[in-house]
Each structure stands twice: as C-alpha cells, then as structure tokens.
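Me: I am new to this structure. Please show it to me, and then I will ask about how the chains meet.

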Number of protein chains: 2
Amino acid sequence: MTLALDAAAQDLLFREAQTANTFTDEPVTDEQVQAIYDLVKYAPTAFNQSPLRLTLVRSEEARKRLVTHAMGANGPKTLTAPLTLVLSVDLDFHEKLPHLFPAMPGVKDAFFSEAAAREAAGTQNATLQAGYLIVGIRAAGLAAGPMTGFDFTGIDKEFFGDGKQKSFLVVNVGKPGADAFYPRSPRLTFDEAAATV
Amino acid sequence: MTLALDAAAQDLLFREAQTANTFTDEPVTDEQVQAIYDLVKYAPTAFNQSPLRLTLVRSEEARKRLVTHAMGANGPKTLTAPLTLVLSVDLDFHEKLPHLFPAMPGVKDAFFSEAAAREAAGTQNATLQAGYLIVGIRAAGLAAGPMTGFDFTGIDKEFFGDGKQKSFLVVNVGKPGADAFYPRSPRLTFDEAAATV
C-alpha cells in the first residue's frame with residue numbers, strides 16, 4: 001500500500017477514467033456542478049488567488065454560439081454533451097484578494113498591480129484549478145471531455161464582452177455514451193518523465 | 001450522495017488537505033514518488049502530449065543550489081522538506097508524440113513544429129499535470145507545498161543548462177511537521193465563481 005487513497009478511488013479518478021467523446025442525454029444538474037466546485041475549491045493556488053471562473057453553457061442558443069468557435073470535430077461533439085463548461089481566468093482576480101488572503105493584506109498591490117503580471121499568475125493558477133476540476137468531475141462519477149481546439153479569442157468576444165475574462169479550456173461533462181473512449185494511449189514511464197539530482 | 005467519490009477520499013484529497021509549511025524528517029522514497037506518478041500519469045493532456053517533467057532534488061548539494069533561487073521564506077522552508085520536486089515543461093515534448101499519440105501520426109508536425117506554439121501548449125498542459133500531481137501527492141498520504149516564489153530562469157540555468165526544460169513550480173513533499181498549516185483562507189462561493197448562459 002504505497003498510496004493512502006483506496007484502490008476504488010484511484011480507479012475512479014485516474015486509472016479507469018478516460019476522456020469521453022460521446023455522452024448519454026442524462027442531464028448534469030447545477031447541484032452536481034456545485035458539489036464538484038465545492039470539493040475542488042479547496043485545492044491550492046498562489047496566495048489563494050482562485051482566478052478560475054466557470055461558465056455553464058446550458059441554453060440551446062448559447063450552445064450554438066459556443067460551437068461556432070470550435071475547431072474540427074469539437075463542435076458536433078460538444079453539441080452531444082448534456083453540459084459544457086467554459087473555463088476562464090478572471091483578469092481582475094486581484095480585487096478579491098483582500099477577502100481571499102486576509103493574512104497578507106498588501107499582496108494585491110505588492111504583486112498584482114500590473115495587468116501583465118496578473119494575467120500570467122492568473123493563467124497559471126486557473127490552469128492548476130482546471131486540473132483539480134477535471135479530477136472533481138470524475139469524483140462526481142461523470143466523464144470530462146477537455147478541449148483546447150477552440151478559438152478562445154472568439155469565445156471571449158462572444159461571452160465576455162467586457163474583456164475581464166479570458167477563456168482557455170472548454171470541458172464537456174456527462175455520462176459516457178456509446179463508443180465514448182478511444183484506446184488508452186501510452187504514457188511515459190517514471191524514468192522517462194523524472195530525474196534525480 | 002451527489003459525488004461518487006467516498007467521503008474519506010474527498011477529505012484526504014481536498015477537504016482536509018492543506019499546503020504544508022513545515023515537515024517531519026520522515027523520508028519520501030523514490031517508490032512513493034513513482035507510485036504517485038504512475039497514478040496521475042493517466043489524467044488527460046491535449047494529444048496526450050504529457051510535457052511535465054519532474055526533478056527530484058535529493059542531494060544536499062543540489063538542495064543548496066536550488067534554494068539560492070528562492071524568494072523570501074521559501075528557501076528555509078524548502079531546506080526543511082525531506083524531498084523537493086522541481087516541475088518543468090519539456091520544450092521538446094513533441095519528439096515523443098509519435099509514441100504518445102499513435103492515433104494521429106501527423107500531429108507533431110501539424111501543430112508543434114514552431115517553438116512558440118510548442119512552449120504555449122507545453123506550459124498549459126504541464127500546468128494541468130501539476131494540478132493532477134498535487135492531488136496525487138495527497139493520495140499518497142503526503143502533504144504538498146507548491147511554491148511559485150522562485151527565480152525560475154535561475155533554476156533553469158542551474159539545473160537545465162541545455163535550455164530544453166523550463167521550470168514553473170517547486171513543490172515540497174513530506175509529512176506535515178509542527179504548526180504546518182496556516183488557517184484555511186476563505187474560498188469563493190459557487191455563485192461567485194460560476195455563471196450560467
């Protein structure tokens with residue numbers, strides 16, 4: 001027992017979980033998405049900056065607008081998912097830092113007064129949070145289908161016209177449908193991915 | 001039961017887990033790090049590109065070289081950890097794509113022939129993998145202490161002189177020591193972080 005996590009949980013989150021490419025029409029409820037968020041919100045970000053924002057794309061009209069920015073097969077695939085999340089960075093996350101990181105009231109001005117530094121940190125930390133969220137979707141017994149093949153500048157203009165949010169990942173969420181999974185691709189071995197100094 | 005993951009696993013990975021700032025001197029073995037890697041390696045990256053590389057900083061000499069690039073309290077804190085990981089992007093990850101993504105042999109040249117596109121995708125996907133890895137460290141019953149307060153350009157020159165790896169996160173790993181945890185900071189509510197369209 002090298003790991004503390006039980007084997008069933010290891011399978012659910014990592015070993016048997018795979019990116020889904022088709023979905024059943026079973027709905028994904030707001031309660032499920034909130035439960036996922038309320039679990040993964042505890043995972044760490046620098047200064048607890050928590051810059052990730054979720055947009056639940058639910059209405060037919062919004063789903064159609066979203067897929068106009070999809071590349072290749074991502075459009076039709078997204079239309080078959082019961083729910084699609086657009087993940088974005090709140091470029092003004094620093095405004096919430098006095099609330100989120102009360103231990104160091106000066107951090108907002110000390111590190112995040114410049115927009116470029118803010119965007120770099122926000123992008124890095126929201127991407128870490130996207131990793132946690134994908135694990136959380138699986139923790140809910142659902143499959144995730146994360147995609148980078150979208151025109152994110154187009155999504156931002158379509159959904160975030162105020163320029164305050166920058167999208168970076170689109171994630172289909174649902175129960176896997178027929179032929180949902182591609183064969184598992186090889187992974188790098190530990191010796192290929194790690195070195196000791 | 002909105003989530004499929006059992007409550008003990010939820011606590012272990014998210015609800016009771018916190019960033020550790022002190023550590024006991026109980027060693028973290030190579031077997032533990034390999035078990036963590038062999039679990040989280042299955043989580044998704046775009047085209048299975050798997051660009052994350054781990055450097056286990058073990059020797060006294062390497063640990064001293066690492067902390068010369070630390071900011072503020074991160075140096076002394078890092079020296080108390082039994083193991084420190086430097087997380088980096090393999091900027092030549094595309095060379096392994098024919099092995100990692102056999103379903104689409106042309107993807108290496110179609111998307112990753114330009115260094116700038118490669119670095120952007122590699123950074124995003126290695127950061128997603130860093131999120132999975134932090135969850136995996138907790139799955140091993142260990143605490144993670146991720147830090148961005150380092151001079152990463154300095155680390156790259158120190159440890160990756162060939163310019164082929166770009167570090168972006170340093171993570172202390174071990175059993176929490178005395179007074180390891182700061183009080184939990186507030187998180188954004190679901191309504192603050194999410195919207196529906």
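Me: How much area do chain B and chain A bury between them?
Reply: This is a predicted model, where local features need pLDDT of at least 70 and side-chain atom pairs pLDDT 80 or more, while totals for chains, interfaces and linings use all residues. Buried area is the accessible area (1.4 Å probe) that two parts lose on being put together, summed over both. Here 69% of it is on carbon and sulfur atoms, and the total is about 6400 Å².

Me: Which three residues supply more of the area that chain B buries against chain A than any other three?
Reply: Numbering runs from 1 along each chain as its sequence is written, chains are lettered from A in the order written, and side-chain values use heavy atoms, without hydrogens or water. The three supply 13% of chain B's buried area; they are B:Leu188, B:Phe190 and B:Val197.

Me: How many residues of chain B are in contact with chain A?
Reply: Contact means heavy atoms within 4.5 Å. On the side of chain A, 72 residues take part, and chain B brings 72.

Me: How many salt bridges does the rule find across the interface of chain B and chain A?
Reply: A salt bridge is a side-chain nitrogen of Lys or Arg within 4 Å of a carboxyl oxygen of Asp or Glu. Over all chains the count is 20. Across this interface it is zero.

Me: Which residue meets A:Arg53 in a salt bridge?
Reply: Side chains of opposite charge can pair when their charged atoms come close. The N to O distance here is 2.9 Å, and the partner of A:Arg53 is A:Asp90.
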